[in-house]
Amino acid sequence: MTYSHIYIIGTGKVTKECQKIASDFFKQEVIFAKNIENLDDFCKNLKNCLIISANNSYIFKKECVQNNTIINYHNALLPFHKGCNARIWSIWENDKKTGITWHMVEESIDTGAILTQKEIKLDDNFTALSLLDTQHKLAIASFKEALKNLENKIFKIQTLGGGYHKKLALPNEGYLDLAWDKEKISRFLRAMDCGALSGVPKARLKILGEEKEILFYEINELDLILNLSDNTILKITKE
């Protein structure tokens, strides 16, 4: 399998590690396409290239998809949780398992044939941040297998369904409801616990006619403790 060029697009450790793995696998330079101001202009001129999308939110346009081979890392078990922030929705929707998928890129989002998938069993200790870290490690560990399946044309066609999440969509629009039971509150807070650099806004709470950010939280056997943005500490006992 020969490509005119191999590019990798994305950010962070997943991109850097996958660049090394792909370069070794193909015995060919893998070009890190970073600091490109207009990816649309860059991608529309590519032909007969392999493009690796690893930890990347750019949506490839029709011309690029048709003229190149593109594979993508998605942090869910497709066809479930297509689109954005899959880790958040896996926790919020109380999935028993999630995982990662390496798949082919088609003109529609996250619908392409599956190269490989790896599962993660979810429990009540996962936050969106810790889940994403686990998924990134699994994506790196399974990438060589995905490349072998690409080379050998081993694909699995996706089933229909699974749902799609838009970039700005959040559970309950990002607001905690204190009327929920303790288990649901825990799922919400853990799902919204994405870390400071995620770009996801902090969970919010409407109380006494005002809106507060939830800066920190603690859930133990007896209490729910919330540290709010005005230095208020709210302690609630839940059955």
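I began with a definition: two strands pair if DSSP finds at least two bridges between them. The model I examined is predicted.

**Entry: the hairpins**

I looked up strands β11 and β12 and found that they form a hairpin with 3 residues between them. Strand β11 covers residues 210-219, and its pairing with β12 is antiparallel over 5 bridges.

The bridge partner of Asn-227 in β13 is Ile-233. The hairpin of β12 and β13 has 4 residues between the strands, and in it Asn-231 takes a positive phi near 70°.

Is strand β12 mostly covered or mostly exposed? I recorded it as mostly covered, since 5 of the 6 residues in β12 (223-228) are buried.

**Entry: the open sheet**

I next traced an open sheet of 6 strands, in the order β2-β1-β3-β4-β6-β7, and noted mixed pairing. Its edge strands are β2 (30-32) and β7 (114-121), each of which pairs on one side only. From one strand to the next, the twist averages 15°.

Within this sheet I examined β1 (residues 6-10) and β3 (residues 50-54), which run parallel and are joined by 5 bridges. Ile-9 has Ser-53 as its bridge partner in β3.

Which helix packs on the sheet? I found α5 (residues 128-151), which touches β3, β4 (69-74), β6 (97-104) and β7. The direction of α5 makes about 150° with that of β7.

Ile-31 counts as partly exposed because its relative accessibility is 27%, which lies between the limits of 20% for buried and 50% for exposed.

I also checked what surrounds Ile-31. Leaving aside neighbours within four places in sequence, Ile-31 is in contact with His-5, Ile-6, Tyr-7, Ile-8 and Gln-19. Ile-8 lies 23 residues from Ile-31 along the chain, and their C-alpha atoms are separated by 6.1 Å.

**Entry: helices α1 and α5**

I noted that two packed helices are described by the angle between their axes and the distance between the axes. For α1 (residues 12-26) and α5, the angle is about 30° and the axes are 10 Å apart. Angles under 35 degrees count as roughly parallel, and α1 and α5 are therefore roughly parallel to each other. Their crossing is right-handed.

Which residues of α1 meet α5? I listed Lys-13, Val-14, Glu-17, Cys-18, Ile-21, Ala-22, Phe-25 and Phe-26 in α1. On the side of α5, the residues they meet are His-136, Ile-140, Phe-143, Lys-144, Leu-147, Lys-148 and Glu-151.

**Entry: the cysteines**

How many disulfides does a search of the whole structure find? I recorded 0.

I returned to Cys-18, which is among the α1 residues that meet α5. The closest cysteine sulfur to that of Cys-18 is in Cys-43, and it is too far for a bond because the separation is 18 Å. Cys-18 counts as buried, at 0% relative accessibility.

I then checked Cys-64, which is in no disulfide; its nearest cysteine sulfur, that of Cys-43, is 4.3 Å away. The cut-off for a disulfide is sulfur atoms within 2.5 Å. Cys-64 is buried, with a relative accessible area of 2%.

Technical notes: Residues are numbered from 1 along each chain as its sequence is written. This is a predicted model: local features need pLDDT of at least 70, side-chain atom pairs count only at pLDDT 80 or more; totals for chains, interfaces and linings use all residues. Side-chain values use heavy atoms; hydrogens and water are left out. Helices (H or I, at least four residues) and strands (E, at least two) are DSSP runs, numbered from the N terminus. Axes are lines fitted to C-alpha atoms, for helices over the stretch in contact, and angles run from 0 to 180 degrees between N-to-C directions. Contact means heavy atoms within 4.5 Å. Buried means under 20% relative accessible area, exposed over 50%, partly exposed in between (1.4 Å probe, protein chains only). Angles under 35 degrees count as roughly parallel, over 145 as roughly antiparallel, 65 to 115 as roughly perpendicular and the rest as oblique. A crossing is left-handed if the near helix is turned anticlockwise from the far one by less than a right angle, and right-handed if clockwise.
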